[in-house]
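Please keep the structure open while reading.

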Amino acid sequence: MRRRRALSIVTTLAAVAAGVGLGAPGASAASAAAPKPHYVQLGDSYSAGNGAGSYTEKSCWRSPNNYGQRVATRQGATYTNAACSGGVLDDILQPRTLGSSSLRTRTYRVPVGAVDARAQWLKQAKADKLCGTPTQRDFSYTYSIRSSASAGRLFTATVRCQLTARPQINSVTTSTDAVFVTIGGNDLAFTTIVTQCLALRSASGCKKAIDSANSKLADMKKRTKATLKAVHDRSGGRADIYLLGYPHLINTTSHKLSSTYDFGKELDLLQRRGDNAQRAAMVELDRTTPGKGGFVFVDVKKDWGGLTHGIDPTPLGADNSNSWLVPVLGVGREYSEWVHPNAAGWGANALALYAAM
(Lines give C-alpha, C1' and ligand atoms only; values in the text may rest on other atoms or scores of the structure.)
Protein backbone atom coordinates (compact mmCIF):
# COMPACT_ATOMS: atom_id res chain seq x y z
CA MET A 1 0.00 0.00 0.00
CA ARG A 2 1.32 3.45 -0.89
CA ARG A 3 2.53 5.63 1.95
CA ARG A 4 0.19 8.58 2.59
CA ARG A 5 0.60 11.99 4.13
CA ALA A 6 0.63 11.37 7.88
CA LEU A 7 -0.11 13.34 11.03
CA SER A 8 2.26 13.30 13.98
CA ILE A 9 1.26 10.55 16.38
CA VAL A 10 1.94 12.99 19.22
CA THR A 11 -0.61 15.42 17.76
CA THR A 12 -3.14 12.62 17.35
CA LEU A 13 -2.77 11.42 20.92
CA ALA A 14 -2.99 14.98 22.21
CA ALA A 15 -6.27 15.49 20.35
CA VAL A 16 -7.71 12.30 21.81
CA ALA A 17 -6.57 13.23 25.30
CA ALA A 18 -8.19 16.64 24.91
CA GLY A 19 -11.57 14.97 24.60
CA VAL A 20 -12.81 13.93 21.14
CA GLY A 21 -13.83 17.44 20.15
CA LEU A 22 -11.33 18.05 17.35
CA GLY A 23 -12.61 21.59 17.40
CA ALA A 24 -9.56 23.87 17.62
CA PRO A 25 -6.85 23.81 14.97
CA GLY A 26 -3.32 23.05 16.15
CA ALA A 27 -0.83 25.89 15.79
CA SER A 28 2.88 25.80 15.04
CA ALA A 29 5.38 27.88 13.12
CA ALA A 30 5.76 25.12 10.55
CA SER A 31 2.04 24.74 9.92
CA ALA A 32 1.61 28.51 9.70
CA ALA A 33 4.22 28.71 6.96
CA ALA A 34 2.96 25.73 4.97
CA PRO A 35 0.09 26.05 2.45
CA LYS A 36 -3.22 24.97 3.90
CA PRO A 37 -4.43 21.58 2.62
CA HIS A 38 -7.86 21.46 1.03
CA TYR A 39 -10.38 18.72 1.81
CA VAL A 40 -13.63 17.91 -0.02
CA GLN A 41 -16.61 16.02 1.39
CA LEU A 42 -18.74 13.85 -0.90
CA GLY A 43 -21.50 11.36 -0.26
CA ASP A 44 -24.83 10.98 1.49
CA SER A 45 -26.51 12.03 4.75
CA TYR A 46 -23.80 10.30 6.82
CA SER A 47 -21.37 12.71 5.15
CA ALA A 48 -23.51 15.84 4.81
CA GLY A 49 -24.48 16.20 8.46
CA ASN A 50 -27.98 14.83 9.15
CA GLY A 51 -28.45 14.68 12.92
CA ALA A 52 -25.57 17.07 13.64
CA GLY A 53 -27.68 20.25 13.93
CA SER A 54 -26.71 23.83 12.99
CA TYR A 55 -27.65 23.15 9.36
CA THR A 56 -26.57 25.60 6.67
CA GLU A 57 -29.58 24.47 4.63
CA LYS A 58 -32.12 21.65 4.57
CA SER A 59 -32.09 20.50 0.97
CA CYS A 60 -28.90 18.51 1.51
CA TRP A 61 -28.84 18.88 5.32
CA ARG A 62 -25.25 20.07 5.42
CA SER A 63 -23.83 20.88 8.84
CA PRO A 64 -20.51 22.34 10.02
CA ASN A 65 -20.66 19.75 12.81
CA ASN A 66 -20.13 16.80 10.46
CA TYR A 67 -16.98 14.68 10.67
CA GLY A 68 -15.25 16.24 7.65
CA GLN A 69 -15.49 19.81 8.90
CA ARG A 70 -14.30 18.76 12.36
CA VAL A 71 -11.17 17.13 10.95
CA ALA A 72 -10.51 19.98 8.52
CA THR A 73 -10.80 22.54 11.33
CA ARG A 74 -8.49 20.53 13.59
CA GLN A 75 -5.87 20.33 10.84
CA GLY A 76 -6.20 23.94 9.74
CA ALA A 77 -7.41 22.90 6.28
CA THR A 78 -9.85 24.59 3.95
CA TYR A 79 -12.95 22.54 3.32
CA THR A 80 -15.83 22.12 0.87
CA ASN A 81 -18.94 20.10 1.73
CA ALA A 82 -20.60 18.80 -1.45
CA ALA A 83 -22.32 15.83 0.23
CA CYS A 84 -26.09 15.64 0.15
CA SER A 85 -28.72 13.81 2.16
CA GLY A 86 -30.24 10.98 0.16
CA GLY A 87 -27.17 10.80 -2.07
CA VAL A 88 -26.35 7.73 -4.13
CA LEU A 89 -23.23 6.85 -6.11
CA ASP A 90 -24.69 8.32 -9.30
CA ASP A 91 -25.01 11.74 -7.63
CA ILE A 92 -21.23 11.99 -7.33
CA LEU A 93 -20.91 11.96 -11.11
CA GLN A 94 -24.23 13.43 -12.25
CA PRO A 95 -26.42 16.45 -11.35
CA ARG A 96 -29.32 15.83 -8.99
CA THR A 97 -32.69 17.51 -8.61
CA LEU A 98 -33.53 18.59 -5.06
CA GLY A 99 -37.07 18.64 -3.73
CA SER A 100 -40.22 19.46 -5.66
CA SER A 101 -40.39 22.03 -8.42
CA SER A 102 -42.39 25.25 -8.10
CA LEU A 103 -44.12 27.59 -10.56
CA ARG A 104 -43.55 31.32 -11.02
CA THR A 105 -45.47 33.68 -13.32
CA ARG A 106 -44.31 37.09 -14.47
CA THR A 107 -45.09 39.60 -17.23
CA TYR A 108 -42.25 41.40 -19.02
CA ARG A 109 -42.08 43.87 -21.90
CA VAL A 110 -40.17 42.41 -24.81
CA PRO A 111 -38.49 44.39 -27.60
CA VAL A 112 -40.64 45.23 -30.60
CA GLY A 113 -40.06 42.70 -33.34
CA ALA A 114 -38.25 40.26 -31.05
CA VAL A 115 -37.65 37.05 -33.01
CA ASP A 116 -37.99 34.84 -29.94
CA ALA A 117 -40.13 36.45 -27.24
CA ARG A 118 -39.87 33.33 -25.04
CA ALA A 119 -36.10 33.52 -25.05
CA GLN A 120 -36.21 37.23 -24.21
CA TRP A 121 -38.62 36.56 -21.35
CA LEU A 122 -36.49 33.71 -20.02
CA LYS A 123 -33.34 35.84 -20.12
CA GLN A 124 -35.06 38.53 -18.06
CA ALA A 125 -36.50 36.01 -15.61
CA LYS A 126 -33.04 34.58 -14.93
CA ALA A 127 -31.56 38.06 -14.56
CA ASP A 128 -34.24 38.84 -11.97
CA LYS A 129 -33.66 35.48 -10.25
CA LEU A 130 -37.36 34.77 -10.54
CA CYS A 131 -36.91 31.24 -9.19
CA GLY A 132 -34.90 32.46 -6.22
CA THR A 133 -31.29 32.63 -5.08
CA PRO A 134 -29.62 29.28 -4.28
CA THR A 135 -28.24 28.99 -0.76
CA GLN A 136 -25.21 26.91 -1.80
CA ARG A 137 -22.51 27.53 -4.39
CA ASP A 138 -23.14 24.19 -6.07
CA PHE A 139 -26.93 24.73 -6.29
CA SER A 140 -28.70 26.33 -9.24
CA TYR A 141 -32.23 26.62 -10.59
CA THR A 142 -33.31 25.04 -13.84
CA TYR A 143 -35.88 27.24 -15.65
CA SER A 144 -38.38 25.72 -18.08
CA ILE A 145 -41.36 27.64 -19.49
CA ARG A 146 -44.62 25.75 -19.05
CA SER A 147 -47.07 28.22 -20.65
CA SER A 148 -47.04 31.69 -22.17
CA ALA A 149 -49.21 34.38 -23.78
CA SER A 150 -48.52 37.73 -25.43
CA ALA A 151 -50.43 40.99 -25.77
CA GLY A 152 -48.57 43.52 -27.81
CA ARG A 153 -45.20 44.10 -26.23
CA LEU A 154 -46.26 42.37 -23.03
CA PHE A 155 -45.28 38.73 -22.67
CA THR A 156 -46.54 36.64 -19.76
CA ALA A 157 -45.15 33.23 -18.96
CA THR A 158 -45.15 30.63 -16.21
CA VAL A 159 -41.86 28.95 -15.52
CA ARG A 160 -41.15 25.72 -13.69
CA CYS A 161 -38.31 26.18 -11.20
CA GLN A 162 -36.28 23.14 -10.16
CA LEU A 163 -33.46 23.37 -7.63
CA THR A 164 -30.52 21.28 -8.83
CA ALA A 165 -27.19 20.30 -7.32
CA ARG A 166 -24.27 19.97 -9.68
CA PRO A 167 -22.34 16.66 -9.71
CA GLN A 168 -20.50 16.33 -6.40
CA ILE A 169 -17.28 15.48 -8.22
CA ASN A 170 -17.17 19.04 -9.61
CA SER A 171 -15.96 20.22 -6.19
CA VAL A 172 -12.78 18.14 -6.58
CA THR A 173 -9.84 19.81 -8.33
CA THR A 174 -6.13 19.28 -8.76
CA SER A 175 -5.70 21.35 -5.59
CA THR A 176 -7.65 18.83 -3.51
CA ASP A 177 -5.49 17.00 -0.98
CA ALA A 178 -8.06 14.60 0.47
CA VAL A 179 -11.61 13.51 -0.22
CA PHE A 180 -13.89 12.18 2.53
CA VAL A 181 -16.85 10.01 1.54
CA THR A 182 -19.63 7.98 3.10
CA ILE A 183 -21.81 6.48 0.38
CA GLY A 184 -23.61 3.28 -0.57
CA GLY A 185 -26.36 3.08 2.05
CA ASN A 186 -28.98 4.64 -0.20
CA ASP A 187 -27.87 2.46 -3.11
CA LEU A 188 -28.98 -0.41 -0.87
CA ALA A 189 -32.24 1.39 0.03
CA PHE A 190 -31.29 2.44 3.57
CA THR A 191 -34.52 4.43 4.02
CA THR A 192 -36.67 1.42 3.12
CA ILE A 193 -34.83 -0.73 5.67
CA VAL A 194 -35.31 1.89 8.40
CA THR A 195 -38.99 2.31 7.51
CA GLN A 196 -39.87 -1.37 7.29
CA CYS A 197 -37.68 -2.71 10.09
CA LEU A 198 -37.60 0.07 12.69
CA ALA A 199 -40.65 2.26 12.04
CA LEU A 200 -43.31 -0.16 10.74
CA ARG A 201 -41.70 -3.28 12.26
CA SER A 202 -43.01 -5.38 9.40
CA ALA A 203 -41.30 -8.76 9.33
CA SER A 204 -42.18 -9.40 5.68
CA GLY A 205 -41.34 -5.86 4.58
CA CYS A 206 -38.09 -5.88 6.54
CA LYS A 207 -37.01 -9.22 5.09
CA LYS A 208 -37.77 -8.05 1.58
CA ALA A 209 -35.75 -4.86 2.08
CA ILE A 210 -32.72 -6.63 3.55
CA ASP A 211 -32.79 -9.42 0.95
CA SER A 212 -32.90 -6.77 -1.78
CA ALA A 213 -29.94 -4.94 -0.22
CA ASN A 214 -27.90 -8.16 -0.06
CA SER A 215 -28.55 -8.78 -3.75
CA LYS A 216 -27.11 -5.33 -4.62
CA LEU A 217 -23.80 -5.61 -2.76
CA ALA A 218 -21.73 -6.88 -5.68
CA ASP A 219 -22.99 -4.13 -7.97
CA MET A 220 -22.40 -1.51 -5.24
CA LYS A 221 -18.78 -2.62 -4.93
CA LYS A 222 -18.26 -2.40 -8.70
CA ARG A 223 -19.82 1.06 -8.96
CA THR A 224 -17.97 2.30 -5.87
CA LYS A 225 -14.67 1.43 -7.54
CA ALA A 226 -15.62 3.19 -10.78
CA THR A 227 -16.94 6.28 -8.98
CA LEU A 228 -14.00 6.76 -6.62
CA LYS A 229 -11.54 6.09 -9.43
CA ALA A 230 -13.16 9.00 -11.29
CA VAL A 231 -12.82 11.20 -8.19
CA HIS A 232 -9.15 10.26 -7.87
CA ASP A 233 -8.55 11.01 -11.56
CA ARG A 234 -10.22 14.41 -11.29
CA SER A 235 -7.75 15.34 -8.56
CA GLY A 236 -4.92 14.57 -10.96
CA GLY A 237 -4.16 11.44 -8.97
CA ARG A 238 -2.97 13.44 -5.96
CA ALA A 239 -5.88 13.27 -3.50
CA ASP A 240 -6.14 10.60 -0.82
CA ILE A 241 -9.65 9.12 -0.81
CA TYR A 242 -11.10 8.09 2.56
CA LEU A 243 -14.30 6.02 2.45
CA LEU A 244 -15.96 5.86 5.88
CA GLY A 245 -18.30 3.01 6.65
CA TYR A 246 -21.47 3.13 8.72
CA PRO A 247 -21.89 2.40 12.45
CA HIS A 248 -24.03 -0.44 13.76
CA LEU A 249 -27.59 0.84 13.44
CA ILE A 250 -28.96 -1.13 16.40
CA ASN A 251 -27.38 -2.24 19.66
CA THR A 252 -27.94 -5.98 19.31
CA THR A 253 -27.20 -8.82 16.88
CA SER A 254 -30.50 -10.53 17.58
CA HIS A 255 -33.96 -8.98 17.52
CA LYS A 256 -36.96 -10.82 16.13
CA LEU A 257 -39.86 -9.13 14.36
CA SER A 258 -41.72 -12.43 14.20
CA SER A 259 -41.20 -15.96 15.40
CA THR A 260 -39.18 -16.74 12.28
CA TYR A 261 -37.41 -13.54 11.19
CA ASP A 262 -34.47 -12.30 13.24
CA PHE A 263 -34.07 -8.72 11.97
CA GLY A 264 -31.14 -8.02 14.29
CA LYS A 265 -29.12 -10.95 12.98
CA GLU A 266 -29.84 -10.23 9.33
CA LEU A 267 -29.10 -6.50 9.65
CA ASP A 268 -25.79 -7.25 11.38
CA LEU A 269 -24.81 -9.64 8.58
CA LEU A 270 -25.81 -7.10 5.93
CA GLN A 271 -23.74 -4.35 7.53
CA ARG A 272 -20.69 -6.58 7.83
CA ARG A 273 -21.03 -7.66 4.21
CA GLY A 274 -21.31 -4.01 3.22
CA ASP A 275 -18.11 -3.18 5.10
CA ASN A 276 -16.32 -6.10 3.48
CA ALA A 277 -17.44 -5.04 -0.01
CA GLN A 278 -16.35 -1.42 0.50
CA ARG A 279 -13.06 -2.42 2.15
CA ALA A 280 -12.26 -4.78 -0.74
CA ALA A 281 -13.09 -2.07 -3.28
CA MET A 282 -10.65 0.35 -1.64
CA VAL A 283 -7.88 -2.26 -1.36
CA GLU A 284 -8.25 -3.10 -5.04
CA LEU A 285 -8.24 0.57 -6.04
CA ASP A 286 -5.18 1.28 -3.88
CA ARG A 287 -3.31 -1.61 -5.46
CA THR A 288 -4.14 -0.88 -9.09
CA THR A 289 -4.54 2.90 -9.42
CA PRO A 290 -1.46 5.00 -10.26
CA GLY A 291 -0.93 8.36 -8.64
CA LYS A 292 0.28 9.92 -5.41
CA GLY A 293 -3.03 9.67 -3.58
CA GLY A 294 -4.26 6.44 -2.07
CA PHE A 295 -7.52 4.77 -1.10
CA VAL A 296 -8.43 3.97 2.52
CA PHE A 297 -11.52 2.33 4.00
CA VAL A 298 -12.25 3.64 7.50
CA ASP A 299 -14.29 1.26 9.66
CA VAL A 300 -15.93 3.53 12.26
CA LYS A 301 -17.51 0.73 14.30
CA LYS A 302 -14.58 0.45 16.75
CA ASP A 303 -14.76 4.16 17.59
CA TRP A 304 -18.49 3.74 18.13
CA GLY A 305 -17.83 1.00 20.70
CA GLY A 306 -19.16 -1.70 18.38
CA LEU A 307 -22.85 -2.26 19.08
CA THR A 308 -22.78 -0.14 22.24
CA HIS A 309 -24.20 3.07 20.83
CA GLY A 310 -26.70 1.74 18.29
CA ILE A 311 -30.45 2.28 18.59
CA ASP A 312 -32.48 0.09 20.93
CA PRO A 313 -34.98 -1.60 18.55
CA THR A 314 -37.43 -2.45 21.34
CA PRO A 315 -40.77 -0.90 20.24
CA LEU A 316 -42.06 0.21 23.65
CA GLY A 317 -40.01 1.66 26.48
CA ALA A 318 -36.78 1.70 24.50
CA ASP A 319 -33.89 3.35 26.33
CA ASN A 320 -31.82 5.31 23.82
CA SER A 321 -30.01 7.49 26.33
CA ASN A 322 -26.76 5.74 25.39
CA SER A 323 -27.36 5.86 21.64
CA TRP A 324 -25.17 7.95 19.35
CA LEU A 325 -27.87 7.76 16.69
CA VAL A 326 -31.06 9.83 16.61
CA PRO A 327 -33.85 7.33 17.31
CA VAL A 328 -36.99 6.95 15.24
CA LEU A 329 -39.53 9.50 16.54
CA GLY A 330 -36.75 11.23 18.49
CA VAL A 331 -38.16 14.16 20.47
CA GLY A 332 -37.52 17.48 18.74
CA ARG A 333 -36.01 15.76 15.71
CA GLU A 334 -37.16 15.76 12.09
CA TYR A 335 -37.70 12.71 9.91
CA SER A 336 -34.47 13.31 7.97
CA GLU A 337 -32.50 13.10 11.22
CA TRP A 338 -33.80 9.69 12.33
CA VAL A 339 -31.15 6.94 12.50
CA HIS A 340 -28.32 9.41 11.86
CA PRO A 341 -25.44 10.33 14.18
CA ASN A 342 -25.99 12.81 16.99
CA ALA A 343 -23.14 15.02 18.21
CA ALA A 344 -21.32 12.12 19.89
CA GLY A 345 -21.68 9.96 16.78
CA TRP A 346 -20.27 12.62 14.49
CA GLY A 347 -17.40 13.06 16.94
CA ALA A 348 -16.66 9.33 16.84
CA ASN A 349 -16.56 9.41 13.03
CA ALA A 350 -14.19 12.38 13.18
CA LEU A 351 -11.84 10.48 15.49
CA ALA A 352 -11.88 7.43 13.22
CA LEU A 353 -11.02 9.56 10.19
CA TYR A 354 -8.41 11.57 12.08
CA ALA A 355 -6.65 8.38 13.17
CA ALA A 356 -6.76 6.95 9.63
CA MET A 357 -5.03 10.03 8.26
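In which sense do strand S8 and S9 pair, and over how many bridges? Strand S8 (residues 240-244) pairs with S9 in the parallel sense, over 4 bridges. Strands count as paired if DSSP finds at least two bridges between them. Helices (H or I, at least four residues) and strands (E, at least two) are DSSP runs, numbered from the N terminus. One of the bridges links Ile241 to its partner in S9, Phe295.

The model is predicted: local features need pLDDT of at least 70, side-chain atom pairs count only at pLDDT 80 or more, and totals for chains, interfaces and linings use all residues. Residues are numbered from 1 along each chain as its sequence is written, and side-chain values use heavy atoms, with hydrogens and water left out.

The protein has 11 helices and 9 strands. Its C-alpha trace spans about 70 × 60 × 40 Å along the principal axes. Of the 357 residues, 48% are buried (under 20% relative accessible area; exposed is over 50%, partly exposed in between, with a 1.4 Å probe and protein chains only). Contact means heavy atoms within 4.5 Å. Among contacts between residues at least 6 apart in sequence, 73% join residues at least 24 apart.

S8 and S9 belong to an open sheet of 5 strands in the order S2-S1-S7-S8-S9, with parallel pairing. Strand S2 (78-81) and strand S9 (295-298) each have a single partner strand, so one side of each is left without a neighbour in the sheet. On average, neighbouring strands are turned by 20° against each other, direction ignored. Axes here are lines fitted to C-alpha atoms, for helices over the stretch in contact, and angles run from 0 to 180 degrees between N-to-C directions. Helix H9 (residues 217-234) packs on the sheet and touches strand S1 (38-43), strand S7 (178-182), S8 and S9. The direction of H9 makes about 145° with that of S8. Helix H11 (residues 343-356) also packs on the sheet, touching S7, S8 and S9, and its direction makes about 145° with that of S8.

Next come the cavities. On a 1 Å grid over the protein atoms alone, a cavity is a set of points where a 1.4 Å probe fits but cannot get out, and lining residues have an atom within 4 Å of a point. Grid points are joined across faces, edges and corners, and a volume is the space filled by probe spheres set on the points. The whole structure holds 2 cavities of 30 Å³ or more.

The largest cavity has a volume of about 250 Å³. It is lined by 17 residues, of which Gly185, Leu188, Tyr246, Leu270 and Gln271 are the closest to its centre. Helix H10 (263-288) and helix H7 (190-199) each give two or more residues to this lining, and H10 gives the most, with 6.

The second largest cavity holds about 50 Å³ of space. Among the residues lining it are Arg62, Asp91, Arg96 and Gln168. Asp91 is found in helix H5 (residues 89-93) and is buried, with a relative accessible area of 12%. Leaving out residues up to four places away in sequence, Asp91 touches Gly86, Arg96, Pro167 and Gln168.

Tyr46, in helix H3 (residues 45-48), is buried, with a relative accessible area of 2%. Not counting residues up to four places away in sequence, its contacts include Tyr246, Thr182 and Trp346.

Technical notes: On a 1 Å grid over the protein atoms alone, a cavity is a set of points where a 1.4 Å probe fits but cannot get out, and a pocket is an open set with protein on both sides within 12 Å along at least five of seven lines; lining residues have an atom within 4 Å of a point.
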